[in-house]
Amino acid sequence: MTPSPQPPIEHTEPHGHNGHAHAGPGPSDGHPGGHSDRPSDSHFDGGSDGHPPGPTHGHGHSHGHGPAAPVSKHLRKVIAAVLIPFAVAVFVGMVVLWPGGAPGHERTGVGFDRQTQQGVVVSIEQVDCKSVNAAQVPTTGTPAAPGSSGGQAAPSGECKKATVEVTSGPDKGRTFVEVVQPGAPRQLEDGQEVVVAYAPDAPRDLQYSVIDVNRKLPMALLAGIFAVAVVVVGRMRGLFALVALVVSFGVLTLFILPAILQGSNPLVVAVVGASAIMLIALYMCHGLTARTSVAVLGTLVSLLLIGLLGSGFIDWAFLSGNTDDNTGLIHGLYPDIDMSGLLLAGVIIGSLGVLDDVTVTQTSAVWELHHADPSMGPRALYRAAIRIGRDHIASVVNTLVLAYAGAALPLLLLFSIANSSMGSVANSELVAEEIVRTLVGSIGLVASVPVTTVLAALVVSADRPGSPAGAPAAGPVRGRGRRRKR
């Protein structure tokens, strides 16, 4: 180590100490406050005597397990006493509510509830639209414009007459003709892979029709680029984050969705499923540490607040949750599903991802502030970390609102076309759902910052059993010091 201009300072410690020599309040690895990937992240950060850990030396009396936890063994037991029963309750809830698969039903042939197969366009022929009576032929599954009728006049010009071959299912190798009008939003090309719908009750010539384009290759490639970017930048933590993401989707598709379809209460299923995702994702990505446990507690408190607020305002605003064709189809197929409960479940699950980010960031901020200056008490830690939290609140809330607005942009355009006032737009159930979803989630996010910061400040500054009784009142020695070699 390069000595500082002031005289070197040596600490002579009693033989019973942990063998770490402390040179000042800053982190001994030279990193300022903030996120870091130093080796001590795999354990509870900091020394049990309230000072930051120094580099490991080959002392004959040093411990072999690295830096000790920043909280006492008793306080870790208290955290475990809270989280272990919660984790057991989540596990029991998943076992009790486990659906064993989605219930079967008879296909209606409406919307997404259609039998589909894969196909490929084998040839394209330019034909006169009048010769194929294009006005009466479905055009690649595109719905008619509002107010239009099936008896409209045939368009003039050239249409595309596509021959499509079915490449999967019992009718593999069968071909059919699809007519594409010149103004259709989706045009077909020779050799293009498509998704075809099968209507068994229709006449043979009309049983198959093109409803979409096969996008599996570009979507898979994009997912691969995302995975590589996460692993290259995040390294092992990025890899664990990807594993946690896969597990989260597994919980969603294997537990939450089938359990709701089986008739279980959507709110209960969402709370149990979201809690399982939270425990798996946070501990897998950030380790089994006191820091992660505090983030879990902060996330749990915020989720409970979101659930209470969401339940109250969804009932008060008389939001049914059945506002479009998709939710109407769900209600028609499974009339016993509580659609308003499904809406609340969506609010809880949608808020979970952003909550994890906020609580982990705030907990890490408190831990790093304590690591930089162990003399800070809980109040000082809270005041310093809450300033970071306020910046986080401003950016996260703005992001959440813009994300919902971007998703609902076509709907907002329709209201703009109709020259509707802002009051009329906000009062419509379709928009009111998004407003309640956004504001309830944002309130939970805002509340998570002070809640998590308080919990982290109390935990990280509590119980320092190794601090010497006669510590100097002036606090730790400032500046760099030279450690004595042994």
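Modeller: A definition to begin with. Buried means under 20% relative accessible area, exposed means over 50%, and partly exposed is in between, using a 1.4 Å probe on protein chains only. C285 is buried, because its relative accessible area is 17%. This is a predicted model, so local features need pLDDT of at least 70 and side-chain atom pairs pLDDT 80 or more, while totals for chains, interfaces and linings use all residues. Residues are numbered from 1 along each chain as its sequence is written, and side-chain values use heavy atoms, with hydrogens and water left out.

Colleague: How many disulfides does a search of the whole structure find?

Modeller: The search finds 1. A disulfide here is a pair of cysteine sulfur atoms within 2.5 Å. The partners are C129 and C159, with sulfur atoms 1.9 Å apart.

Colleague: Which parts does that pair tie together?

Modeller: C129 is in the loop between β1 (115-128) and β2 (158-166), and C159 is in strand β2, so the link joins parts 30 residues apart in sequence. Strands (E, at least two residues) and helices (H or I, at least four) are DSSP runs, numbered from the N terminus.

Colleague: And the handedness of the link of C129 and C159?

Modeller: Right-handed, with 105 degrees about the S-S bond. C129 counts as buried at 0% relative accessibility. C159 is buried too, with a relative accessible area of 0%.

Colleague: New topic, the sheet. What is the strand order?

Modeller: β3-β2-β1-β4-β5, an open sheet of 5 strands with antiparallel pairing. The edge strands are β3 (175-180) and β5 (208-213), each pairing on one side only. Two strands pair if DSSP finds at least two bridges between them.

Colleague: How many bridges join β1 to β4?

Modeller: 6, and β4 covers residues 193-198. T116 stands opposite A197 in β4.

Colleague: Salt bridges next. How many does the structure hold?

Modeller: It holds 5. The criterion is a side-chain nitrogen of Lys or Arg within 4 Å of a carboxyl oxygen of Asp or Glu. Among them is K160 with E189, closest N and O atoms 3.5 Å apart. K160 lies in strand β2 and E189 in the loop between β3 and β4, so parts 29 residues apart in sequence are tied together.

Colleague: Is K160 buried or exposed?

Modeller: K160 counts as buried, at 15% relative accessibility. E189 is partly exposed, at 44% relative accessible area.

Colleague: What does R291 form a salt bridge with?

Modeller: E368, the closest N and O atoms being 3.9 Å apart. R291 lies in helix α4 and E368 in helix α6 (residues 339-372), so the pair ties together parts 77 residues apart in sequence. Both R291 and E368 are buried.

Colleague: What span should α4 have?

Modeller: 39 Å for its 27 residues at 1.5 Å a residue, and its end C-alpha atoms are 39 Å apart, which agrees. The expected span is 1.5 Å times one less than the number of residues. Just after α4, F318 takes a positive phi of about 55 degrees.

Colleague: Last one, α1. Which helices do its buried residues pack against?

Modeller: α2 (216-261), α3 (266-286), α4 (290-316) and α10 (429-461). Contact means heavy atoms within 4.5 Å. The buried residues of α1 include L75, F86 and M94. Helix α1 (residues 73-97) has 25 residues and should span 36 Å; its end C-alpha atoms are 36 Å apart, in agreement.
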